[in-house]
Amino acid sequence: MSYQPSAPHLVPQTAPPTQSLPHRGVRGGARGLSAIADAAATQVPHATALAQRYELLERLGVSTAASQDLDDMARDMAEKTGFLYGFVNLFLEEQTFVGLHQPPPDSGYVIVGRTMSHDHGWCPEVVARKKALPLHDVHASPRFSGNHVVDAVGIRSYFGAPLIHHDSGTVLGTVCVIDPEKRPLHEARRLRDIVISAGAQVMDRIAPAPGR
């Protein structure tokens, strides 16, 4: 998650090597061949969705570079929820954090960069389901506890919401907050609503609805 674009890019690019979470490997054998076939089967829809996102971003005039305004929105979302990390995340070749808030470098917490593999985190689930995902404790569900981010960053709670273009229905990415502490279940609705509201604010900034 260490790569930060130095300039706006509105065409697919190959990101340089990162020092972030490793990509999941494919082992040999029959299962390995099956995994390769499964991956190949998903390339076409993934490429189509990626092309749609780039086309829409270009049409809207939205940069894929880091933005101070979006960093501020990520910080505001993190502060309102009381979480250490906040993200505005575009789903490009990798998850790309155009907005990012995190603890200071000398805080003792893990410092993340601007990209992460699609294989990691919970935002891919949010994009796939096109609705918010509140995880007050990622260990409460085996489906969500087995995630490399849990060990690599030490995360216990996650709240994310999709960034959906109002006209086309295209999912551009997500907003989310993560934290090393779990949250009480009774706070989940409030935290989810804060993140959903933050997502709406991000979309109003990058793609205001007609008449606004």
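**Figure 1. Pro104 in the loop between two strands.** Strands are DSSP runs of at least two residues, numbered from the N terminus. In this predicted model, the loop that holds Pro104 runs between strand E2 (95–101) and strand E3 (115–116). Pro104 counts as partly exposed, because its relative accessibility is 48%. The view also includes Leu84, which is 20 residues from Pro104 in sequence. The C-alpha atoms of Pro104 and Leu84 lie 9.9 Å apart in space.

**Figure 2. Overview of the chain with its 6 helices and 6 strands.** The order of these elements along the sequence is α-α-β-β-β-α-β-α-α-β-β-α. The chain has 212 residues, of which 42% count as buried. Contacts between residues at least 6 apart in sequence were also examined, and 65% of them join residues at least 24 apart.

**Figure 3. Packing of helix H2 (residues 68–81) against H6.** Two packed helices are described by the angle between their axes and the distance between the axes. For H2 and H6 the angle is about 165°, and the axes are 10 Å apart. H2 is therefore roughly antiparallel to H6, given that angles over 145 degrees count as such. The crossing in which H2 passes H6 is right-handed. On the H2 side, the contact is formed by Asp69, Leu70, Met73, Met77, Lys80 and Thr81. Their counterparts in H6 are Arg190, Leu191, Ile194, Val195, Ala198, Gln201, Val202 and Arg205. By class, the residues of this contact of H2 with H6 comprise 8 nonpolar, 2 polar and 4 charged.

**Figure 4. The largest nonpolar core, with 28 residues.** Val88, Leu172 and Val175 are the residues with the most contacts inside this core. At least two core residues come from each of helix H1 (29–60), H2, strand E1 (85–91), strand E5 (157–164), E6 and H6. H6 supplies the largest share of this core, with 7 residues.

**Figure 5. Val88 in strand E1.** Val88 is buried, since its relative accessibility is 2% and the limit for burial is under 20%. Neighbours up to four places away in sequence are left out of the following contact list. Val88 touches Leu70, Ala74, Thr96, Phe97, Val98 and Gly99, and also Leu163, Thr174, Val175 and Val202. Val175, another partner of Val88, is with Val88 and Leu172 among the residues with the most contacts inside the largest nonpolar core.

**Figure 6. Ser67 in the loop between H1 and H2.** A relative accessibility of 15% means that Ser67 counts as buried. Leaving aside residues up to four places away in sequence, Ser67 touches Val98 and Arg205. Ser67 and Val98 are 31 residues apart in sequence, and their C-alpha atoms are 5.8 Å apart in space. Arg205 also belongs to the H6 side of the contact with H2. Val98, for its part, is also a contact partner of Val88.

**Figure 7. Arg183 in the loop between strand E6 (171–179) and helix H6 (188–206).** Arg183 is buried, because its relative accessible area of 12% falls under the 20% limit. Beyond residues up to four places away in sequence, Arg183 touches Thr81, Gly82, Phe83, His136, Ser157 and Leu191. Two of these partners, Thr81 in H2 and Leu191 in H6, also take part in the contact of those helices.

**Figure 8. Lys130 in the loop between helix H3 (123–129) and strand E4 (133–135).** Most residues other than glycine have a negative phi. Lys130 is not a glycine, yet its phi is positive, at about 60°. Its relative accessibility is 49%, so Lys130 counts as partly exposed.

Terms used: Residues numbered from 1 in each chain as written. Predicted model: local features only at pLDDT ≥ 70, side-chain atom pairs only at ≥ 80, totals over all residues. Heavy atoms only, no water. Helix = DSSP H or I, 4+ residues; strand = E, 2+ residues; numbered from the N terminus. Buried < 20%, exposed > 50% of the residue type's maximum accessible area, 1.4 Å probe, protein only. Contact = heavy atoms within 4.5 Å. Axes fitted to C-alpha atoms, helices over the stretch in contact; angles between N-to-C directions. Parallel < 35°, antiparallel > 145°, perpendicular 65-115°, else oblique. Left-handed = near helix turned anticlockwise from the far one by under 90°. Nonpolar A, V, L, I, M, F, W, Y, C, P; charged D, E, K, R; others polar. Core = buried A, V, L, I, M, F, W, Y, C linked by side-chain atoms within 4.5 Å.
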